[in-house]
Amino acid sequence: MPVTQAAPPTDPPPEFPHWRRNKYALSAATFLLATGFGSALPFLPLTVREFGITEHVETWVGYMVGGYFCLSFFLTPVWGVVADHFGRKAMVLRTSLGMGLLTLLMPLAPSLGWFVLIYLLMGTTNGFNPACHALIATNTPNREIAQSLALVQSGALLGGALGPAVGAVLAGWLPAYRYLFFANGGFVLAAALLALLFAREQHVRPAHRFRLHLLADLKVIARLPDLKVLYPINLAYTLTYYGSVTIISVYTLELLQRAGESRPAEINFWVGAVSIAFTIASGLSVPLWGALADRLGAPRVLALSLLCGGLGALPVALAFSPLQLAWARGAMGALAVGIGPAATALIKARSPAGMEGRVLSYSAAFGALGMGLGPFVAGLIGPIFGLRSYFFLNAALILVLLALWLRSWGWGPGRARGGE
C-alpha cells in the first residue's frame, strides 16, 4: 500500500500560502514608513518653534499629537469592521496613501493653524502598523505569528533608527524644519507602493451585508479572557514607547539649554542621536523577544518584558545630559520592545473566529489613545512638575500593569500556559 508523504515543514500551509512573502514585504514597508516619520517627527517641536512658539512647546506638541491620536482612537474600530468585511490589505493601502498625501501638504501650510489642521486630518488616516499587524496575524500560521510580527516591528524600528539620521542631515541644508515633511510623505508613498505590489491576502468576504455594530462587538469583546488587562497594556506600551518620541525631543532641548548649547548643528545632532539610540536598540532586540515568545509562550514573555520595561524607563527620568539620555533611551528600547509582539499575539489568540480584525482594531485604538495621551499628559504636567515627572510616571504605570497581568494570567499552578 503506497504511503503518502507529508509535505516538508518548509512548505506553506495551504490556508496561508503567502505568509512568508507578507512578512518580508510588510517589514520593508514599515521600514520605509518609519524612516519617513522618523525623519520629521522628532523635529516637530523645532517646527513648532519655527512658527514663533517659544514657551511651553511641549504643551503645543502635546495638544497636536493628542488630537491626532484621539481621532485615531475613535476611528480605528470602524476601520477594523471594514477590514473584517473588505480585507486587511485594503486598510494597509488606505492608511499609507492617506498619510502620504496629507503629509506632503504640511510644508505648504501658511500658518501654524493650518499646519495643525492638516496634522489632525492625518489622524483620520492613521494606522499603518496596526493594519500590517492585522494582515500578518490573520494570514500566518499560529506557530509563526510572534516571530513574523517581531520581524515587521523590526522593520519599523530600524526605519525609526535611520529616519532621525536622515532628518538631521536634511535639516542642515533645508531652509526650514517643516520641509522635512516632504521627505516624510515620499517615504510613506513608497511604503504604499511596496504593499500594493507585494503583499497578498487570503480573504473570504462574509456572506452577510456590511454592518457596523460597534456596541454589539464591544459586548462580545468585553467577555473575552484577559483583554481587560491586555488592552491597557497595549495603551501603556504605546504611551511610554512611541508616545514619548516628540516629548523626548523637547526633553533633549531642555538638557541642551541647561548646558548652554544653542548651535543648530548640535541641536540637530542630539535630537537625532537620542531617537537613533532608542530605535537601533529596539530593532536589534525585537527579533530576540519574538523568538523567545515562540519558545516560552507569549504570557511569560509579556510578564518578563513588562518587568524589564518598567525598570528600563527609570534611567530616562534620571538623565542629566543628552549623552546620558541617549544611553537611557537605548536601554529602555532594548528592554521594553518585547511587550508589543507578545501582547498582539495574545490578543489574536483570544479573538473569536471572524472577529480577529475587530478585536485587533480595538487593541490598535487603545494603542492610538496611548500615543496621544503620552504627549498630552506631558504637556499638562511638564510646565508644572517638569518633564522628569512624566517619565517617572511611565515607569510606575508599566510596573502596575505587570502586577495586573500576573493576577489576570494566574501566576502559579492551575492555569494553562503558553499562548495559551
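Me: Why does Leu 311 count as partly exposed?
Reply: Leu 311 has 48% relative accessibility, so Leu 311 counts as partly exposed. Buried means under 20% relative accessible area, exposed means over 50%, and partly exposed lies in between (1.4 Å probe, protein chains only). This is a predicted model, where local features need pLDDT of at least 70, side-chain atom pairs count only at pLDDT 80 or more, and totals for chains, interfaces and linings use all residues. Residues are numbered from 1 along each chain as its sequence is written, and side-chain values use heavy atoms, with hydrogens and water left out.

Me: Where does Leu 311 lie?
Reply: Leu 311 lies in helix H13. Helices are DSSP runs (H or I, at least four residues), numbered from the N terminus.

Me: Which residues form the nonpolar patch on the surface?
Reply: Leu 304, Leu 307, Leu 311, Leu 314, Leu 318, Phe 392 and Leu 399 form it, with about 560 Å² of accessible area together. Helix H13 (298-312) and helix H18 (387-409) each give two or more residues. H13 gives the most, with three.

Me: Which elements give two or more residues to the lining of the second largest cavity?
Reply: Helix H15 (322-336) and H18 do.

Definitions and conventions. Patches are made of residues with over 30% relative accessible area and no salt bridge: like charges are joined within 9 Å, nonpolar side chains (Val, Leu, Ile, Met, Phe, Trp, Tyr) within 5 Å. Accessible areas come from the Shrake-Rupley method with a 1.4 Å probe; for residues, only the protein chains shown count as cover. A salt bridge is a side-chain nitrogen of Lys or Arg within 4 Å of a carboxyl oxygen of Asp or Glu.
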